[in-house]
Amino acid sequence: MAERVLHVAGGHGGAFDVKAGDVFVLVDLEGQQAIDFVAFSAADQGETLSGIETRLALRSLYIKCGDVLMSSRGRPMLEIVEDTIGTHDYTVPACDASRFAVDFGCPGHRNCLDNMYEPLRAYGIRTPLALPEPFNFFQNSPVVEDGRTAVVDPPSRPGDRIALRALMDVVCAVSSCPQDIIPGNGLRPTPVEVRYPAEEA
Ligand SMILES: [Zn+2]
């Protein structure tokens, strides 16, 4: 099957859609880059990929190859079928405009929420409030002493990848996290790629 490539510049975002059964791959091209990710059912955008439902199903704060990620209606949505790194987060929200404006004094800074919302408008998403909490592939958010959490730079190297199989038709968005003020992306947002099957003409 022919392959399509969505190239996402460092600190930017993009959206794509795949059918049930398709496998798509997220690639950290230069290493140490968190990729925020959200997904919606193509048939009903009220059904989204859900971290809280996935945590309930997996009984784990970590995800690994073979795990099934659940929708907000408790249905299997995506399955991890390849993972070259094994370090991912699904507890931290997407960075957004207020985070940069209020916490860092940088109004107008690029952010993951807008990076994902803007390309999703072409799919009919009308408000950033519709976006679910993200899965942050390659983001390194360890649980540290006393159960506290942290965000540190990812261990990913150039070319590290995670592949997911869609278990229903889905619309997805990604963001190369533009955080360059505190650790999380090696202080340097870098490009990522999504490789996914092209639909037959
Ligand atoms: Zn971000």
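**Fold and core of a predicted model**

Residues 24 or more positions apart account for 73% of the contacts in the protein with a separation of 6 or more, a contact being two residues whose C-beta atoms, placed from the backbone, lie within 7 Å. This is a predicted model, in which local features need pLDDT of at least 70 and side-chain atom pairs count only at pLDDT 80 or more, while totals for chains, interfaces and linings use all residues. Residues are numbered from 1 along each chain as its sequence is written.

Trainee: How many helices and strands are there in the protein?

Mentor: Both kinds of element are DSSP runs numbered from the N terminus, with helices (H or I) of at least four residues and strands (E) of at least two. From the N terminus on, the elements run β-β-β-β-α-β-β-β-α-α-β-β-β-β. The protein therefore has, by these DSSP runs, three helices and eleven strands.

Trainee: What is the bridge partner of aspartate 28 in strand 11?

Mentor: Strand 3 (residues 23–28) and strand 11 (residues 192–197) pair in the antiparallel sense over four bridges. In strand 11, the bridge partner of aspartate 28 is valine 192.

Trainee: Is cysteine 172 buried or exposed?

Mentor: Cysteine 172 is found in strand 10 (residues 170–176), and 27 other C-beta atoms lie within 10 Å. A residue is buried if 20 or more other C-beta atoms lie within 10 Å of its own, exposed if 12 or fewer, and partly exposed in between, with C-beta atoms placed from the backbone. Cysteine 172 is therefore buried.

Trainee: Which residues have the most contacts inside the largest nonpolar core?

Mentor: A nonpolar core is a set of buried Ala, Val, Leu, Ile, Met, Phe, Trp, Tyr and Cys residues joined through C-beta atoms within 7 Å, and the largest has 43 residues. Not counting residues up to four places away in sequence, cysteine 172 touches Ala15, Phe16, Asp17, Phe37, Val38 and Ala39. Those with the most contacts inside the core are Ala39, Met116, Cys172 and Val174.

How values were computed: Pairing = 2+ DSSP bridges.
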